[in-house]
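Try each task first, then compare your steps with the solution.

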Amino acid sequence: MKYRTSQFDDQLTFIMSNPNSRQTKPGITGHLEFYREKGISPVRQDLSDMGRHLARREALYRSMGLLPMTFRDRTVLEVAPGSGDNSLFVAACNPKVFDLLEPNPVAIDDIETLYRSFDTPHRNPKVIPEKLEDFQPEAAYDVILCEGWLGGSDKERQLLGKLSGFVAPEGALVISFLPVVGAVPTMLRRLLAYRILSADADFETQTGILTAAFGTHLDTMPKMSRAHASWVQDNILNPAVLAQVLLPKTVFETLGDDFTIYGSNPRLFTDWRWYKSVSGEAHEENALFLEAFEGSAHNFLDYRIAHPPRDAEANRVLEAASLALYEAVPEAEGEGTDTYEKRIAPHLRVIIENLADIAPETVKGLEEAQALLERETLGVGDIAEASLFAGLFGREMCYLTLTRRA
Ligand SMILES: C[S@@+](CC[C@H](N)C(=O)[O-])C[C@H]1O[C@@H](n2cnc3c(N)ncnc32)[C@H](O)[C@@H]1O
């Protein structure tokens, strides 16, 4: 399989920078439509050990350069908090103002219940039951958080642009992004899932079948803090995941030169500029980050691996093949082996070949998924017992902290 890999190939550069721009993906509905239709908010975390939950959140923010004092006495907006579990740490930092913008009624009920039993001293948030599309704040915020929602579709890029306009000068915007390479394992799981699901089965039954199929996979992640049924509903049954890839390059293009990269999770950025020369334009810092991101793209396919940066050309091939696979999933989901062979298999072969020398465990997992997808018949047990693929999950949810210039 030949991909265009020259960095001077404008079209590839365009596609890579905005992977959703050329796919219209008819029929793909967003998170909110899906949650409302099913009456769910499938984002609950394991809060049985609240101290552990808060420590996990503190460590995540710290890794992105945000200390508790970043939130203390500041005005903070969290957009799309879902059931609010992640907001608890920020509330416990005592911001001056803490607004949660969340339009899903089930999530709003969850937030209210959650805060009633939260006994760590905290600032109670104000819940604003609106969509971002309809929201206009009275004043800009010092810190804005938006996690696990916005992808790279034209509509969501516009919303990201709108959101960035609410950040005060010198304030911070924290968003999650989803690298296309990191999306590959979930895309393969979706393809497997829709082979074993019957379209007639109701939502609860589908959730049960998929929890049985993927429970052994999720059990391989000792730090997993989400309920299995929630993971299945939000990653496999939720169509919005098919448009959720968002690359840092797309973020920088959308936000323009007013926003400078400040931190990320995973941390990627080593800056060897002499201390007297670190002051630069936003686009210089952002370009350094993109270079680091590109050199590490191979580490996003499997959360278990962390290799040194490698040849950017090899990573461009990996990204292009991952993008082609991701874009083919909507039409291959629920189809048989013929469609798989035509639309998915060529890209999966390129990915396997690309990683063969550096990531043998990852490759074994991919080959096992490949073998399953080549089979005419597949059952829950085949997926549950796929011991080599079971532990392979991509680095999907990644974070950026950006600061707005004065
Ligand atoms: C995948 S959940 C993420 C929840 C939470 N941030 C987390 O990471 O667990 C996506 C969230 O986006 C919210 N959402 C979807 N469309 C929205 C919109 N137009 N305006 C504001 N929030 C929206 C949903 O209601 C849901 O809570």
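Helix α13 is mostly covered, with 16 of its 21 residues buried; buried means under 20% relative accessible area, exposed over 50%, and partly exposed in between (1.4 Å probe, protein chains only). Helices (H or I, at least four residues) and strands (E, at least two) are DSSP runs, numbered from the N terminus.

Two notes before you start. This is a predicted model, in which local features need pLDDT of at least 70 and side-chain atom pairs count only at pLDDT 80 or more, while totals for chains, interfaces and linings use all residues. Residues are numbered from 1 along each chain as its sequence is written, and side-chain values use heavy atoms, with hydrogens and water left out.

**Exercise 1. Follow α13 to its end and beyond.**

Task: find how far helix α13 reaches from its first C-alpha to its last, and describe the surroundings of E333.

Solution. Step one: α13 covers residues 312-332, and its reach is 30 Å, close to the 30 Å expected at 1.5 Å a residue. The expected span is 1.5 Å times one less than the number of residues.

Step two: E333 sits in the loop between α13 and α14 (337-355). With a relative accessibility of 16%, E333 counts as buried.

Step three: look for partners of E333. Contact means heavy atoms within 4.5 Å; leaving aside neighbours within four places in sequence, E333 touches R190, L191, Y194 and L242. The side chains of E333 and R190 also make a polar contact, at 2.5 Å. A polar contact is a pair of N or O atoms within 3.5 Å; within protein, one must be able to donate a hydrogen and the other to accept it, and residues adjacent in sequence count only if both atoms are side-chain atoms.

Step four: just after α13, G334 has a positive phi of about 80°.

**Exercise 2. Take α3 apart.**

Task: check the span of helix α3, then say what its buried residues pack against.

Solution. Step one: α3 holds 14 residues (50-63), so at 1.5 Å a residue it should span 20 Å; the end C-alpha atoms are 20 Å apart, in agreement.

Step two: look at the two ends. D49 caps the N-terminal end, with a side-chain oxygen 3.3 Å from the backbone nitrogen of G51. After the helix comes G65, with a positive phi near 90°.

Step three: list the buried residues of α3, which are H53, L54, R57, L60, Y61 and S63. They pack against α4 (68-71), α5 (87-92), β4 (141-146), β6 (259-265) and β7 (398-404).

Step four: turn to R62, also in α3. R62 counts as partly exposed because its relative accessibility is 45%. Apart from neighbours within four places in sequence, R62 is in contact with L67 and R267. R62 and G263 are 201 residues apart in sequence, yet their C-alpha atoms are 9.4 Å apart.

**Exercise 3. Inspect the ligand shell.**

Task: which residues come nearest to the ligand, and how much of the ligand's accessible area does the protein cover?

Solution. Step one: of the 19 residues around the ligand, A80, E102, L132, E133 and E147 come nearest. Here, a residue is near if one of its heavy atoms lies within 4 Å.

Step two: read off the distances. A backbone N or O atom of A80 is 2.7 Å from a ligand nitrogen, and a polar side-chain atom of E102 is 2.6 Å from a ligand oxygen. For L132, a backbone N or O atom lies 2.9 Å from a nitrogen of the ligand.

Step three: the protein covers 96% of the 600 Å² of accessible area that the ligand has on its own.

Step four: ask where the shell comes from. Helix α2 (residues 31-38) gives the most, with three residues.

Conventions
Areas by Shrake-Rupley, 256 points an atom, 1.4 Å probe, with all protein chains shown as cover.
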